[in-house]
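Here is a short briefing to read with the viewer open. Please keep the sequence beside it as you go through the topics.

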Amino acid sequence: MRQLYHLLISPSCRKVRLALAEKNIGFELIEERDWERRHEFLALNPAGEVPVLIEEDGSVISGSMPICEYLEETVPEVKLIPGDALERAETRRLIDWFDRKFAAEVSDGLIFEKVTRRFLGASEGGGAPDMAVVRAALHNLRYHLDYISYLMEERRWLSGEEMTLADLTAAAHLSCLDYVGDVPWSQFQGAKDWYVRIKSRPGFRQILADHVPGMPPPKLYANLDF
């Protein structure tokens, strides 16, 4: 069976997990704390970062977008980047929006401060969260939720009429923030309605079952009616 080295609260890892689930591909999860820089893991990916997918024949693919593009090419029965060239470009634009812009302005800071710091020693940057970083990220989050609501005024899904990898990417980031209780869904109805639909998909069940030791999610995290 394929193996996926991952972290539970990682947007890039969740993105790959959701893509695998949508394509009905079986896989085994292996948790990898990539900040530990294990030699065995570095041999798989010299960048020392998750996600890393190991194929049944031992082939190694690293990075969320290379893995998703690989899956799109090798398992084409379920398309996550569908449509003509222009439609695929819009899907890729939104993937880049969330993996680059949203990550830099929101999820990278919040996840490091609220989750990763808990597992680091003092010499590695562990300790209490930097609340200035948290406040800035929460401020930026509102802008992105407003953008999702704007897109939903004219579209069924983020990049058009079909659910695509853009939706999985955005949901991967937001589900991590939802785990730590930081998404003001009630103030952004369009974004909430979109998230309800993607959260209700069968492939999302594995994400909603995640549980970080010593850090339980809010009660509404796994609730489809929130």
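Predicted model: local features only at pLDDT ≥ 70, side-chain atom pairs only at ≥ 80, totals over all residues.

Which residue forms a salt bridge with Asp 210? The partner is Arg 14, and the closest N and O atoms of the two side chains are 3.1 Å apart.

**Salt bridges**

- Across the whole structure, a search finds 15 salt bridges.
- Both members of the opening pair, Asp 210 and Arg 14, are buried.
- Glu 90 pairs with Arg 155, with 2.9 Å between the closest N and O atoms. This is a link between distant parts of the chain, as Glu 90 is in helix H4 and Arg 155 is in the loop between H5 and H6, 65 residues apart.
- Salt bridges with shared partners join Arg 14, Arg 17 and Asp 210 into one network.
- Glu 32 forms a salt bridge with Arg 38, where the closest N and O atoms are 2.7 Å apart. Glu 32 counts as buried because its relative accessibility is 3%, which is under the 20% cut-off. Arg 38 is partly exposed, with a relative accessible area of 31%.

**Helix H3 and its cover**

- Helix H3 spans residues 64-74, and its buried residues are Ser 64, Ile 67, Cys 68, Leu 71 and Glu 72.
- Viewed down the axis of H3, these buried residues fall within an arc of 135°, so they line one face of the helix.
- What lies over the buried residues of H3? The cover includes three helices you can pick out in the viewer, H1 (11-22), H4 (85-114) and H6 (165-179). It also includes strand S3 (52-54) and strand S4 (60-62).

**Backbone points to check**

- The peptide bond from Val 50 to Pro 51 is cis, with omega near 10°. Pro 51 is placed in the loop between helix H2 (39-44) and S3.
- Asn 24 has a positive phi, near 60°, although the residue is not glycine. You will find Asn 24 in the loop between H1 and strand S2 (27-31).
- Is Asn 24 buried or exposed? Asn 24 counts as exposed, because its relative accessibility of 67% is over the 50% cut-off.
- Arg 37 is another residue other than glycine with a positive phi, here near 55°. The loop between S2 and H2 holds Arg 37, which is partly exposed with a relative accessible area of 43%.

**Ser 149 in helix H5**

- Ser 149 is part of helix H5, which covers residues 131-152.
- Ser 149 counts as buried, because its relative accessibility of 12% falls under the 20% cut-off.
- Leaving aside residues up to four places away in sequence, Ser 149 touches Phe 188, Gly 190 and Ala 191.

How values were computed: Residues numbered from 1 in each chain as written. Heavy atoms only, no water. Helix = DSSP H or I, 4+ residues; strand = E, 2+ residues; numbered from the N terminus. Buried < 20%, exposed > 50% of the residue type's maximum accessible area, 1.4 Å probe, protein only. Contact = heavy atoms within 4.5 Å. Arc of directions from axis to C-beta. Salt bridge = Lys/Arg side-chain N within 4 Å of Asp/Glu carboxyl O.
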